[in-house]
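The sequence and model follow.

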Amino acid sequence: MKRRSTVLLVGWNPNVVDYSKWPGLTSDKLRAALEADRARFEALGYDAELGLIDSAETSDLTLRKLLTAKQRDCVLIGAGVRTIPDYLQTFERLINTFHECAPNAKLCFNSGPFDSVDAVQRWVPASSTDA
């Protein structure tokens, strides 16, 4: 039996982003891009959820809750978490939490909110066979 592959899209909550790091980006633009990404996944047959983190200090706890709530086939950690040197330790905590809580899930990375589907599709088809 086929089931929809589950994808968790991890990134900063648009309400807490330091937009000085991304000139021209606003909370509204980021929220729209994230929601468009999620909707595109759904339209392609994925079960996609946004996993928004509110702070570096609580990021691993947030991810742990999301990963233990249900099985994930793929976790995408967004560029906004990975590419800013100030967030290196946050990224490390997320990776270690991922390994602990979802050892069988695929991990992937995008370069921005415009190529998340490509990143996931490198590793996980929209549907998988239930074992």
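Angles between axes under 35 degrees count as roughly parallel, and those over 145 as roughly antiparallel. The model discussed here is predicted.

H2 and helix H4 (residues 88–101) pack with their axes 9 Å apart, at an angle of about 25°. H2 and H4 are therefore roughly parallel to each other. The crossing of H2 past H4 is right-handed. On the H2 side, the residues that meet H4 are Ser 59, Asp 60, Leu 63, Arg 64, Leu 67 and Thr 68. Their counterparts in H4 are Thr 90, Arg 93, Leu 94, Thr 97, Phe 98, Glu 100 and Cys 101. By class, the contact of H2 with H4 comprises five nonpolar, four polar and four charged residues.

The sheet is open and has four strands in the order E3-E2-E4-E5, paired in parallel. Strand E3 (47–53) and strand E5 (106–109) are the edge strands, each pairing on one side only. From one strand to the next, the twist averages 20°. Seven bridges join strand E2 (residues 6–12) and E3 in the parallel sense. Leu 8 has Glu 49 in E3 as its bridge partner.

Two helices lie across strands of this sheet, as listed here.

| Helix | Strands it lies across | Angle to E3 |
|---|---|---|
| H1 (residues 27–43) | E2 and E3 | about 155° |
| H2 (residues 59–69) | E2, E3 and strand E4 (74–77) | about 160° |

Key:
Residues are numbered from 1 along each chain as its sequence is written. This is a predicted model: local features need pLDDT of at least 70, side-chain atom pairs count only at pLDDT 80 or more; totals for chains, interfaces and linings use all residues. Side-chain values use heavy atoms; hydrogens and water are left out. Two strands pair if DSSP finds at least two bridges between them. Axes are lines fitted to C-alpha atoms, for helices over the stretch in contact, and angles run from 0 to 180 degrees between N-to-C directions. Contact means heavy atoms within 4.5 Å. Angles under 35 degrees count as roughly parallel, over 145 as roughly antiparallel, 65 to 115 as roughly perpendicular and the rest as oblique. A crossing is left-handed if the near helix is turned anticlockwise from the far one by less than a right angle, and right-handed if clockwise. Ala, Val, Leu, Ile, Met, Phe, Trp, Tyr, Cys and Pro count as nonpolar, Asp, Glu, Lys and Arg as charged, and the others, Gly among them, as polar.
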